[in-house]
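Welcome! Take a look at the sequence and the model, then read on.

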Amino acid sequence: MSARSPIAKRPEERERGVILILVLILLVAVTALALTLAQEARVELAVATQRVDALRLRGLLDSGIELAMAEVRADEEDGDSLSAPWRDDPAKFQELQLDGGRIWLLLSEPDPGDGREVRYGVRDESSKLDINIASADQLLALPGITQEAVDGIVDWRDSDDEVSDQGAEAGYYSTLDPPYTAKNGPIESLDELLRIRGIDAYMLYGEDRNRNGVLDPGEDDGDGSFPPDDADGYLDRGLIDYLTVFSRELNRNKNSQARLVWSQAQLGEIRDRLTAAGASGPFVQRVQLVKAQAGQASTLAEIVFRVGQSSRNDLAALLDEITVVEGDVIPGRINVNTCPRQLLSGLGLEEGQIDAILERRLQPDQDLSSPAWLSEVLEFAAFAQIVDQVTTRSDQFTIQVVALLDDRPRFMRAEVLIDRSFVPVRILLRRDLTALGFPIPEARGEELP
């Protein structure tokens, strides 16, 4: 019998080697499976955490929205001015601490005359120019706009196919890639303006791309970073801060009673309503005489001119009780108490007249409940000229609410449009602004990544 080779292995040794290899393979497989499951668990945990954070942030945002809605609902003043309780109140709306986080109601607007840069509250839509009602002259008074853009807006919203001097209709838009047609109807959102000839993103949004109302470093460095800017140390806001598509008021007096339509009103109704509103006897008689002599009028200006120079109290009664608009809603009138200078300029007023208006409305002891107060700072002809285009009431408001968690650097922003002419106050529009970034970096002590 020959001797066995010293390197030859017994069958049981070979079996143990095979088993060891199988065990190692199994261990590798189990380890890989465990790592995969751990990774999936981490992903699921991260997703679950994000969902919980999103729910927490949504709750904070909703609390801010409810706060703003409660403020505008509780405001029972006849007029809305720069001193309204829903507007520019840091004690109520700046960094309000709630359970698990903080909220801000950020008010971004052009300077209404007091020179302040940052405000906290909500903004009334009547402080803006309704783009579907605005005349070409009103549009042309806006900063940064061009005649081409104005003509483009007019052609886009009108119902015909006639082209303005620098405008465009279907013939132009059909040549674009991809082609589309002119709207020939009301503009439904401000973003729609980007489809109009002569309007680009810079004209619409300006330099304030994060919509915080402040000139941030990246918005004042020329071509150094996005967004494009002119590095002049001044914030160019863009048309979006001056325009709206949601501006209307109820055609009712301060007691929520439907106004008398001039063309339909009887002499006795006019007498009773004006007398109840506190108008003087001689003034009531003059209004009745105008009605008897000229029963029809297409504008309030015609009535005011015919009645003639009158006291503020008498004019306030007339404007509150009489209307030339049939229907329950008057669209697009500008709140003369809260609008920026550019909108007053678009009404055809001179710089001195605008200065007088801005100065008077900043005085906290003034009664600004009726547009009749303008008759005390303007010549009678100038007052009558703009009386159809102005108001001192606001029913639609924009809320920009920001929420930040206390325990981690996560935030959420939203813009909400509400209408208090409904009972209860109704939300008309809500959109997420989180992608624009956290607008108040100093609240965290650092920039968010």
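**A first tour**

On the surface, I19, L20, V23, L24 and L27 come together as a nonpolar patch, with about 460 Å² of accessible area between them. One of these residues, L27, sits in helix α1, which covers residues 11-74. Please keep in mind that this is a predicted model.

**Overall shape**
- The protein has 13 helices and 15 strands.
- Its radius of gyration is 32 Å, well over the 22 Å that the globule rule gives for 449 residues, so the protein is more spread out than a compact globule.
- Along the principal axes, the C-alpha trace spans about 145 × 55 × 45 Å.

**Inside and outside**
- Of the 449 residues in the protein, 46% are buried.
- The protein exposes about 22100 Å², and carbon and sulfur atoms supply 54% of that area.
- Taking contacts between residues at least 6 apart in sequence, 63% join residues at least 24 apart.

**Helix α4 (residues 147-157)**
- This helix is mostly covered, with eight of its 11 residues buried.
- Those buried residues are A149, V150, D151, G152, I153, D155, W156 and R157.
- They pack against α3 (136-140), α5 (170-173) and α6 (201-205).

**Helix α12 (residues 351-361)**
- Here the buried residues are Q353, I354, I357, L358, R360 and R361.
- These residues lie on the same side of α12, because they cover an arc of only 165 degrees around the axis.
- Their cover includes α11 (341-346) and α13 (380-386).

Notes: Residues numbered from 1 in each chain as written. Predicted model: local features only at pLDDT ≥ 70, side-chain atom pairs only at ≥ 80, totals over all residues. Heavy atoms only, no water. Patch = residues over 30% accessible without salt bridge, like charges linked within 9 Å, V, L, I, M, F, W, Y side chains within 5 Å. Areas by Shrake-Rupley, 256 points an atom, 1.4 Å probe, with all protein chains shown as cover. Salt bridge = Lys/Arg side-chain N within 4 Å of Asp/Glu carboxyl O. Helix = DSSP H or I, 4+ residues; strand = E, 2+ residues; numbered from the N terminus. Buried < 20%, exposed > 50% of the residue type's maximum accessible area, 1.4 Å probe, protein only. Contact = heavy atoms within 4.5 Å. Arc of directions from axis to C-beta. Rg over C-alpha atoms; globule rule 2.2 N^0.38 Å.
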